[in-house]
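Student: Please take a close look at one part of this model. I would like the local picture, with the cut-offs stated.

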Amino acid sequence: MKKQFIPLCFLIAGLYSSAQASHDHDEHKGHAQHEAKSAASAPLSGDSLFNTTASFKDQNGKTVKLESFRGRPVVISMAYTGCAYTCPMILSQMQQVEKAIEKSGRKDVQFVLVSFDYQKDTPSVLKAYAEKKNLSGNWKLLTSSSDKEPREISNLLGIKYKKMEGGDYDHSFVITVLDSEGVIKGRQVGAKGDTETLISYLPK
């Protein structure tokens, strides 16, 4: 039985082709990463809520600014864990949006709740609340060290709130949808909104 010999030039050509394909793949990957990095470092629009410098702690105790959500559409509202009526409705509405978009396979949307009650809603309280409500990893519950930060966010979102005697808060019902650059695309004002309308504000 005769042995078949592959000419050395063919072997070298094959190795070169494989190496070139690998190089092209790495170059394309690097180019895509560079584009994404460039987009993230580009100046924000003057309409972007991500321009705020307000700093919060999430339910895991991590320092968070709204700009950290850049690159993902955001569904955001304000609430507090001790609320017995309006806040559970806000949360439920946002969860309905999440369930509806997940049915279509979409998981890129960030859900954010900023607490009015910075004194009681510590990161550990927010974490327990998130676990109790079975919130997914797409949720951030934010608290602060003073009333300054939630007040700033409420002004940006058009939410009014006032602390009442006894510790409860009187506040408006607003859910806002931001695009991946933090620009408001639409909002639901009042509890009579519907899930499909909120979803329609999300960038495709």
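Tutor: Thr176 counts as buried because its relative accessibility is 0%; buried means under 20% relative accessible area, exposed over 50% and partly exposed in between, with a 1.4 Å probe and protein chains only. The model is predicted, so local features need pLDDT of at least 70, side-chain atom pairs count only at pLDDT 80 or more, and totals for chains, interfaces and linings use all residues. Residues are numbered from 1 along each chain as its sequence is written, and side-chain values use heavy atoms, with hydrogens and water left out.

Thr176 sits in strand S8, residues 174-178. Strands (E, at least two residues) and helices (H or I, at least four) are DSSP runs, numbered from the N terminus. Setting aside residues up to four places away in sequence, Thr176 touches Val74, Val75, Ile76, Leu157, Ile184, Gly186 and Arg187. Contact here means heavy atoms within 4.5 Å.

Next comes Asp179. Its place is in the loop between S8 and strand S9 (184-189). Asp179 has a relative accessible area of 15%, so this residue is buried. Beyond its neighbours within four places in sequence, Asp179 is in contact with Phe50, Arg72, Pro73, Lys185 and Pro203. The C-alpha atoms of Asp179 and Val74 are separated by 6.4 Å, yet the two residues are 105 apart along the chain.

Arg70 pairs with Glu181, with 2.7 Å between the closest N and O atoms. A salt bridge needs a side-chain nitrogen of Lys or Arg within 4 Å of a carboxyl oxygen of Asp or Glu. Side chains of opposite charge can pair when their charged atoms come close. Arg70 counts as buried, at 14% relative accessibility. Glu181 counts as partly exposed, at 27%.

The structure holds four salt bridges. Among them is Arg106 with Asp108, at 2.6 Å from N to O. Asp108 is partly exposed, at 31% relative accessibility. Another joins Arg151 and Asp147 at 3.4 Å, N to O.

Now the wider setting. The protein has five helices and nine strands. Of its 204 residues, 39% count as buried. Among contacts between residues at least 6 apart in sequence, 69% join residues at least 24 apart.
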